[in-house]
Structure formats: structure tokens, C-alpha cells
Amino acid sequence: AGGGMVATAAAPSDQVTLGLIGAGGRGSLVMGVFQKDAALKVGAICDVYEPNLERGLSAARKNGSAPKAYRNYKQLLADKDIQAVLVATPEHWHAQMVLDAMAAGKDVYVEKPLCHTPEEGVALVEAEKKSKQIVQVGMQRRSYDLYLDGREIVASGKLGKVRMVRSWWLNNYLGGRRATKVEGVLDWEQWQGPAKKRIPLDPDVFRSWRHYADYAGGIVADQGAHAYDGIHLLMDASYPLAVTAASGKPHREGFDTPESVVVTAEYPEDFIGVFSINYAAMRYRRRNDQMNHLDGDKGRMDIGREDCRVYMEGAEETPAIEKKTAKGFDFATVLHVQNFLECVRTRKKPTAPLVLGFQAALVIQLANMSLKSGRRVRWNSKLNKVEF
């Protein structure tokens with residue numbers, strides 16, 4: 001993630017000491033975005049996989065940082081020098097770590113999806129109501145200027161009544177092979193944590209956890225949390241009323257979650273959000289792999305990673321409005337981290353609090369329940385319960 005925060009002399013009151021929990025690829029990348037803030041110091045790194053821990057410590061040693069090494073996240077949370085934590089672990093650990101971090105008095109930036117089950121989401125939202133901590137879910141479209149502009153276009157009535165949003169995400173992971181070994185020391189028992197225990201260690205589960213149902217919601221959850229949060233932002237939507245899903249079978253050896261899924265979510269705001277993911281498609285350039293079409297009765301808005309275009313009825317070939325991001329989609333993460341750090345310092349509400357993180361995760365959780373049951377799954381927002 002390039003550009004963004006400019007290093008300047010920082011006042012002592014602006015100093016923030018960060019602890020990273022989960023120093024894999026995403027955790028290290030987002031930590032690097034945090035490090036662009038001159039008043040940010042990385043005080044600790046925690047990981048149960050030694051190569052990740054060592055790489056994280058090495059990357060954190062800049063701007064005067066001399067981070068401590070932890071192999072258990074609760075020890076990091078007990079460190080009184082740590083003010084905020086970045087949680088970038090596998091999905092099945094997110095909810096418990098966020099609850100424990102809030103209880104320890106730490107502000108939290110947690111990667112999406114926020115949680116693995118509706119029950120976890122309800123517990124997190126209730127905890128947020130009682131906590132004074134700042135918690136930001138890593139759904140960076142919430143801070144992205146392109147999407148904020150898109151939301152204003154929808155709210156202006158330019159599109160007329162929008163009764164359907166169609167969203168898709170395309171890629172391909174079918175050519176990969178199962179991992180057969182793990183290089184370096186891994187605390188397998190601690191990595192599995194609250195999930196179903198597998199003995200002995202399965203290297204492919206460790207490397208490809210996103211695609212195993214005990215540890216994540218599959219690729220539809222991994223990318224769908226972003227897609228549905230984008231829909232919720234653009235449409236100013238709340239919790240879904242009901243969700244129905246259909247899928248193909250898994251085609252990657254070992255995976256127990258499908259790569260091709262269609263999800264239809266019904267909303268009390270009188271529209272449906274349809275999300276199709278296909279990781280058996282051709283590979284696109286990253287700027288072109290994801291798109292949302294908002295179908296209004298006066299116009300249509302197409303908004304992807306870096307472009308937004310509005311087409312009016314009777315003039316579908318020439319955009320009436322066209323917007324492009326100047327700095328690319330990666331800058332959305334920079335903006336999102338900036339928002340979190342500003343809120344840590346000012347105690348303002350962040351752009352992606354837990355309640356919004358749960359709304360996005362819930363849609364996909366209901367979709368996976370629909371796939372398993374073959375039924376339309378409803379959400380009772382008054383009782384916070386799933387109903388069939």
C-alpha cells in the first residue's frame with residue numbers, strides 16, 4: 001500500500017504503541033501501513049509460527065521500534081506498554097481475540113471477516129456497547145473516497161429507486177496443489193485454538209485455512225464480507241431479512257467449501273443484494289476482478305475497485321458521471337488505518353465499528369447455512385436469532 005501518511009515530528013500525546021497478533025502476509029502488510037504514521041511505534045509481535053514471528057520482528061524494527069516477541073496473544077494483551085492491537089489471524093480466532101483485547105483495555109483493528117458464527121457476532125456487538133475501546137474492522141471501503149462518493153450519488157436520487165444490487169468477484173485458485181509440509185516450528189495446538197481439533201498437523205489446513213469450514217467461511221466469506229459491506233455502505237442498509245444461496249461443489253483437492261457461489265440477500269430497505277463469486281474463472285487484473293452494479297429505475301451505477309460510472313436511461317453507452325481514484329485501491333487501506341489512528345487519539349467513532357462488521361459477516365454466515373440446509377434462512381434482528 002503506497003503513498004499516504006507523511007512522516008513528521010509527533011507530539012507525545014499522539015504516540016501510539018501497537019501490538020501485532022498474526023504476522024503472516026496480511027498482518028505484516030497492514031503493519032507496514034501503520035508504520036507510515038510517524039507517531040506509531042510497534043511494541044510487540046505475536047505469532048505461533050516461528051518464521052512469521054521472526055519476519056514480523058524484523059519488519060517492525062524501524063523508527064526506533066524494538067518490539068517484544070510473544071508466542072501467546074494473552075501475554076501480549078497483558079503488556080501495559082501496548083495501547084492498540086492489530087489482529088490479523090485466521091478467521092476462527094477473531095471473535096475471541098477481539099473480546100479479550102477489549103477486556104484488556106486495548107483498542108483494536110481486526111481484519112475481516114469479523115467473526116465465524118452469528119453467536120460470536122452478537123456477543124461482539126453487545127461487548128462493544130459496554131466498552132470504551134475503539135474497534136475498527138478492516139473493511140476499508142468504509143474509508144475509501146470512491147465508495148463515499150458512490151454513496152452520495154445513490155443518496156441524491158440520481159439513480160431513482162434501486163431495487164437490486166448485483167455484485168461479482170472473479171479469480172481462479174484451482175491450479176494450486178495441497179501443501180504437504182510446514183517449514184519451521186508451529187504450535188499447532190494453539191493455532192487451532194477454539195476450532196475443531198485435527199491431529200496430526202495438516203499443512204494444507206494451515207496454509208489454506210480460508211477454504212476449510214472449521215476455520216473460515218470459504219472464499220465466499222473471505223471476499224463476500226468486503227462485497228456486502230460495500231453494498232451496505234452504498235445503500236445505507238441494515239441487517240438482512242433473509243438469505244438464500246446456491247453453489248457448485250468444491251473442485252480444489254481437500255477444500256470443503258465451494259469456489260463458485262451465488263448469494264441473494266433480502267433487505268428491509270426494499271432491495272436485494274446478489275453476490276456471485278467464482279474462483280474457477282479466468283484471472284483478471286486486480287483492478288478489474290470485482291464490480292458492483294446498482295440497478296435504479298432512472299440510471300445504473302457501476303463501481304469497482306478504482307472506477308465509478310453512472311449511466312442514465314436512454315443513454316447507456318456514455319457515462320453521465322465518471323469518477324476514478326487517483327491513488328489506486330491500496331490507498332483505501334491507508335485511509336482506513338488513518339481513520340483508526342485518528343479515532344484512537346480523539347476517541348471518535350471509527351468508520352467500521354463492530355456492528356457494521358457483523359452485518360457484513362452475517363450475510364455470508366446465513367448463506368453458508370442456506371447451502372448446508374437447502375433452505376432460505378431468515379434473521380430476526382429483534383431477537384438476534386437465525387430462523388429457518
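Q: Hey, is the crossing where H4 passes H5 left-handed or right-handed?
A: H4 passes H5 in a left-handed crossing (the near helix is turned anticlockwise from the far one by less than a right angle; helices are DSSP runs of H or I, at least four residues, numbered from the N terminus). This is a predicted model, where local features need pLDDT of at least 70, side-chain atom pairs count only at pLDDT 80 or more, and totals for chains, interfaces and linings use all residues. Residues are numbered from 1 along each chain as its sequence is written, and side-chain values use heavy atoms, leaving out hydrogens and water.

Q: And at roughly what angle do the axes of H4 and H5 cross?
A: Roughly 15°, with the axes of H4 (residues 91-103) and H5 (residues 118-130) coming within 10 Å (lines fitted to C-alpha atoms over the stretch in contact, angles from 0 to 180 degrees between N-to-C directions). That makes H4 roughly parallel to H5, a label for angles under 35 degrees.

Q: Which residues meet there?
A: From H4, Ala 95, Val 98, Leu 99 and Met 102 meet Glu 120, Ala 123, Leu 124, Ala 127 and Glu 128 of H5 (contact is heavy atoms within 4.5 Å). Seven residues of this contact are nonpolar, none polar and two charged, with Ala, Val, Leu and Met among the nonpolar types and Glu among the charged.

Q: New topic: where is Val 363, and is that residue buried or exposed?
A: Val 363 sits in H11 (residues 354-373) and is buried at 0% relative accessibility (buried is under 20%, with a 1.4 Å probe and protein chains only).

Q: What does Val 363 touch, beyond its neighbours within four places in sequence?
A: Tyr 228, His 232, Pro 240, Val 243, Val 263, Ala 265 and Tyr 267 are in contact with Val 363. Its C-alpha is also 8.4 Å from that of Ala 242, 121 residues apart along the chain.

Key:
Helices (H or I, at least four residues) and strands (E, at least two) are DSSP runs, numbered from the N terminus. Angles under 35 degrees count as roughly parallel, over 145 as roughly antiparallel, 65 to 115 as roughly perpendicular and the rest as oblique. Buried means under 20% relative accessible area, exposed over 50%, partly exposed in between (1.4 Å probe, protein chains only).
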